[in-house]
Amino acid sequence: MPPRSRKPRNDPAITALERGVLEAVKDKKHGLTDAEILAALPQEADQNKRAIAYNSLLSKGKLQLLRRALDREPLYAPAKAEVTKLAGLRLNINETALYKLIEESNNKGIWSRDLRRCLNLPKVQLEKALKDLESRKLVKTVKSVSQANKKIYMLYNIQPAPELSGGPWFNENHDYDTECIRIIYQQVTALVKDKPNLTSKEICEKLNDSGLLNEKLTNDNVEQLLGTMVYDSMIAEQKKQLSDGTTKVTYYKSTPVPTHNALTETPCGLCPVISQCRPGGEVSPENCIYIDQWLQGMDW
Amino acid sequence: MDIPKVVGIVVERDFGVFVELVASELVSSGGCTERELVKRLEEKDGGGQVQRALMTLARNGLVHKDDGGKFRADVSTINLRWRFPYFSVMVAEEFGEEAQLVVELLLVHGKVTSKQLFTDERVGSGRISALETLISNRVLEPEKLAAFETSEHPPAKRMRSSTEVPKTLSIKINSREEALIPIPDKTDSDTTWKLRLSQFHLMACNKICTDLVRQTIDVQAGAVVEAVLKKTLLKEESISSSSFQSVSEATIVQDLKDSGTSVDRSALDGKIELMCRPDIGYLRRFGDQLHAEVTTMLNIVRRKTAEEIILKRFGPEARRMFSLLMHKKKLEAKHAAELSMLNQRKAREMLFKLHDAGYATVQEVPRTSDFKQSKCIYIWSVNLPEAYKRIAQHIDRSCLNLYRRLKTMEEEPREKQDADFRRKQKEFIEVSILRLQINLMLFRDLK
């Protein structure tokens, strides 16, 4: 058996041939057959050398292999940029497939279970490949605010989507940053007090100009915040129908409404065991300790 | 809520133990004849006590006899007796102390004749004008209106001097008819007078609405609303009547000037326009006529009171969730969490707290025909009338508990050294019960 020919390491002829092939297929996105490439080459090259050159370029990701529909003859075409990039990363087959899927998910990320379902890989192999990608800082794990138990993978340099990170109101622990929100509440209250009947857009602009937050707020973020302030009765909203059929919503400082609440001023109004209260029972009004405390501290 | 017990407490407080037994028996049985009552209460002196008890209850309008001869208790009127101290204070604020004395006499005795009214030493020299005021404001009415003539003549002028005693006073019953009510003199002992208890609710409603406008806008706006309400509520039988009359702006301005309030017309117009705005909704304008949106104002106060109760009971997150559900009507838990800016666990906790207290409801909507739980959507909402009903029940329960505690304190052996402190504690409890009853009026009676 003849010895297998080894790919020469720094064979200038192969490198020149590779350059020649690349030049021949340049801008030929539908690809060229071997015969067409041979005709286009400036120098003669035997079949072996051409084969070595094609394989080298394919492994480097600079050439891609297509097939002619008519007679299934192989065609050689210049590779797309992402294939070149993937080839440059020197990933194995599993890692390449994983990387492609994770890349496609963009900033929304992909769940590890979805990865396993798509690739049908055994768990051990999948985890090994993901670990390898993570160690090379090609992908990262992100937790979603809505589903904290899910492991979501995305490319390392991509910022997660607002649905995952939660937006500007969330802290690193994926919980609402109550201190920050409280400060924003005070700022908004001061704004609507100084100038009543502001729209959410105007409030958003003023908050962004104030520089209180590191990231820019969108109108949706501000409307979410203003909604909670309306529910907490800090501000009130007024809806006005405009002549073009749209509705203009403005916000102003609300005045407190006089309430008639005597219930929570008595101990029974706040009693946690009122459902168990019975005359003569273990919990009864006759010997209730809450009523005792209330009467001891009675305030006219 | 144990209605017979609540009824029993107030009747025992005002009329004694035996009358309370009779009233409780009537409430629990739904109505019975005198003979049945005697038999049930096992009376031995031939029904004398039962008869006297029934007369006491009838005189105060707490029972009535139906066509079948059965006596039936009027539970709502009995419950109104909890609020009599408040009504008395309202009359004093509105009409003066003389009027308060007349009303208190009627609250104690139920009905009084003209002779009793004028010979009672507690009612002073201003009784004529007080009586006139109470009649013209429909707090007082004669028991048999059919005995009097009706006429379509314009109303007689109100007397300014208390020394003149007019023969008749005309009051408008509705838009077309008037009644000429003879003012009794000392010789006329036939007329029996009673209180129109529903008028107290209207007065309370007036007060709540006026306070709301005063605090949310200003005093002048409150005076406008008060003037509108005084003109309209006096003509109506109940708050829920849909035929509230409108009042012209000129009339309101004149009333404000008559009451001594300084009127800046342009500022007043601005206030009226503000109150007529759809998002405020205190008044509605029909040309130059103004109509008070009483239901809107009461709903605002009820809603805010309910929110405050939830705030104190469950915290600010629960109040926010309740308010969100009132705004948005129906939501899933995750949407509610997002809109309220609470994490999902906290949002779910608040929703279930509100549900357990009866303030929120959840509806299960299956997505598959097998009603599999994992495939169902759960939609949360607030049913306001149901929430108000729960609050009213809670208030009833609290009143009952406090009264039981009061009874226990009275039955306990007294020690001399803390007699004054115990007296203060009892007064404190009684005031708390009264305040709870005023609260209850908002959620149950003013509709």
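Which loop of chain A holds A:Ser233? A:Ser233 sits in the loop between α11 (219-231) and β7 (235-241), where helices (H or I, at least four residues) and strands (E, at least two) are DSSP runs numbered from the N terminus. This is a predicted model, in which local features need pLDDT of at least 70, side-chain atom pairs count only at pLDDT 80 or more, and totals for chains, interfaces and linings use all residues. Residues are numbered from 1 along each chain as its sequence is written, and side-chain values use heavy atoms, without hydrogens and water.

**Positive phi**
- Most residues other than glycine have a negative phi.
- A:Ser233 has a positive phi, near 60 degrees, and is partly exposed because its relative accessible area is 25% (buried is under 20%, exposed over 50%, partly exposed in between; 1.4 Å probe, protein chains only).
- B:Phe371, also not a glycine, has a positive phi of about 55 degrees.
- B:Phe371 belongs to the loop between β13 and β14 of chain B and counts as exposed, with 57% relative accessibility.

- B:Lys375 lies in the loop between β13 (361-366) and β14 (376-381) and is partly exposed, at 39% relative accessibility.

**Annotated region**
- An unreviewed UniProt entry places "domain: DNA-directed RNA polymerase III subunit RPC3 winged-helix" at residues 307-382 of chain B; such annotations may be inferred rather than shown by experiment.
- Residues 307-382 of chain B are 57% helix and 20% strand, with the end C-alpha atoms 12 Å apart.

Technical notes:
Chains are lettered from A and ligands numbered from 1 in the order in which they are written.
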